[in-house]
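Hi,

Could you take a look at the structure below when you have a moment?

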Amino acid sequence: MTEPNSSTLQKPGPDEPRTRLGTMLPTASEPRGKTTVADGVVEKIAGTAAREVPGINALGGGFTRTVGAMRDRVPGGHPSVGRGVKVEVGEKQTAIDLQVVVEYGMSISDVAVDVRENVIAAVERMTGLEVVEVNIAVNDVHLPDEDTPETGEGRVQ
């Protein structure tokens, strides 16, 4: 006497996608808005990804690092993750320029390949933008004797 209601939800079989239950979700071809990614976001992602690579001592040129070090010492100042990184961001693509300092003894070409791969993977994964190029300028080589040990004591007590 009673027939099953056509609106009754049935559990999907193991081979059926779950999207058949309830409301269909929009696919990538049916956008519901626009997402933009600011240049500073890509700079931070690229800078962090580049610093993760073994053999990278710092980012930025000599003057940039000097000014940044002074800025970091100002009360309330904090290190800039995007230092040494320049980006151009379009709607679907981005290009990245990096200035790096490599540790002495490391193969510059190997470090550059690793940096390029890590930056591209991080930016594309996090933003969805296509990275069309990553240009790397090696501005300096960090020598072991250039380290200045920090004693923890300031000049003024």
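Here is what turned up, starting with how to read it.

This is a predicted model, where local features need pLDDT of at least 70, side-chain atom pairs count only at pLDDT 80 or more, and totals for chains, interfaces and linings use all residues. Residues are numbered from 1 along each chain as its sequence is written, and side-chain values use heavy atoms, with hydrogens and water left out.

Have a look at helix α1 (residues 39-51) to begin with. Helices here are DSSP runs of H or I, at least four residues, and strands are runs of E, at least two, numbered from the N terminus. The 13 residues of α1 should span 18 Å at 1.5 Å a residue, and the end C-alpha atoms are 18 Å apart, so the two agree; the expected span is 1.5 Å times one less than the number of residues.

Which residues of α1 are buried? They are Val42, Ile45, Ala46, Gly47, Ala49 and Ala50, where buried means under 20% relative accessible area, with a 1.4 Å probe and protein chains only. Those residues pack against β1 (56-59), β2 (85-89), β3 and α3 (108-127).

Next, Thr94, which sits in strand β3 (residues 93-103). Thr94 counts as buried because its relative accessibility is 1%. Among the residues it touches are Val42, Val87 and Leu129; contact means heavy atoms within 4.5 Å, and residues up to four places away in sequence are not counted. The side chain of Thr94 also reaches the backbone oxygen of Glu88 at 2.9 Å.

Cheers

Terms used:
Buried < 20%, exposed > 50% of the residue type's maximum accessible area, 1.4 Å probe, protein only. Polar contact = N/O pair within 3.5 Å; in protein donor to acceptor, adjacent residues only side chain to side chain.
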